[in-house]
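Subject: Structure handover

Hi,

Here is the structure I promised to pass on. Please load it first, then read my notes below.

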Amino acid sequence: MTQARTVTSTAERHWAGIIADGVFKVVLGAGFAIGATRLDAPLGVPAWLLVTTGVALLIGGGIELRYVRGRPARTYIRLMIGYDGGWALATLAGLLVAWRGGTAGGEVWLGYQVAAPLVLAALLVAAAPARPDTRPAAR
């Protein structure tokens with residue numbers, strides 16, 4: 001009995017993390033879009049790039065949330081690992097550009113955040129549907 005409870009608990013944590021990832025993208029996207037005129041100078045990027053990034057994150061996060069019940073957790077986890085690994089590399093690349101005196105660090109960082117959520121969303125849409133036993137329980 002304990003073993004089954006552990007598996008359920010792990011699965012519930014995965015789904016909670018998947019939902020949190022989608023919500024985070026939506027909130028971050030809204031923040032970029034709404035705060036574009038205040039964030040452009042500190043990030044050294046034009047406001048339109050922040051708005052574009054915000055829209056891409058809103059779309060990507062929205063699609064993540066839309067397909068939560070329709071795609072396997074394994075698919076989500078793999079895509080999220082790839083996305084987050086790419087995000088870390090883009091962040092490091094942007095910081096490296098800025099530390100070396102370049103002016104394109106913000107563009108590198110935001111450019112990734114424009115493309116990656118849309119790619120992740122497209123891969124989710126194209127992914128095979130979840131079997132009924134892999135979907136989170138409706139409450």
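A pocket here is an open set of grid points where a 1.4 Å probe fits, with protein on both sides within 12 Å along at least five of seven lines. Keep in mind that this is a predicted model.

Pocket first. The second largest pocket holds about 160 Å³ of space. Its lining consists of D21, F24, K25, L28, L57, Y83, D84, W87, W109 and Q113. Six of these lining residues are nonpolar, one is polar and three are charged. Which helices supply at least two lining residues each? They are α1 (2-34), α4 (73-99) and α5 (105-126). With four residues, α1 gives the most.

Now the core. The largest nonpolar core has 23 residues. W15, I18, L50, Y76, Y83 and L110 have the most contacts inside it. At least two residues of this core come from each of α1, α3 (47-66), α4 and α5. In soluble globular proteins, nonpolar side chains tend to be buried together.

Two residues to look at:

- Y76: leaving aside neighbours within four places in sequence, Y76 is in contact with W15, I18, I63, E64, Y67, V68, R71 and L124.
- T53: this residue lies in helix α3. Its relative accessibility is 0%, so T53 counts as buried. Not counting residues up to four places away in sequence, T53 touches F32, L110, Q113 and V114.

Y83 is in the pocket lining and is listed among the core residues with the most contacts. Q113 also lines the pocket and touches T53.

Best wishes

Technical notes. Residues are numbered from 1 along each chain as its sequence is written. This is a predicted model: local features need pLDDT of at least 70, side-chain atom pairs count only at pLDDT 80 or more; totals for chains, interfaces and linings use all residues. Side-chain values use heavy atoms; hydrogens and water are left out. On a 1 Å grid over the protein atoms alone, a cavity is a set of points where a 1.4 Å probe fits but cannot get out, and a pocket is an open set with protein on both sides within 12 Å along at least five of seven lines; lining residues have an atom within 4 Å of a point. Grid points are joined across faces, edges and corners, and a volume is the space filled by probe spheres set on the points. Ala, Val, Leu, Ile, Met, Phe, Trp, Tyr, Cys and Pro count as nonpolar, Asp, Glu, Lys and Arg as charged, and the others, Gly among them, as polar. A nonpolar core is a set of buried Ala, Val, Leu, Ile, Met, Phe, Trp, Tyr and Cys residues joined through side-chain atoms within 4.5 Å. Buried means under 20% relative accessible area, exposed over 50%, partly exposed in between (1.4 Å probe, protein chains only). Contact means heavy atoms within 4.5 Å.
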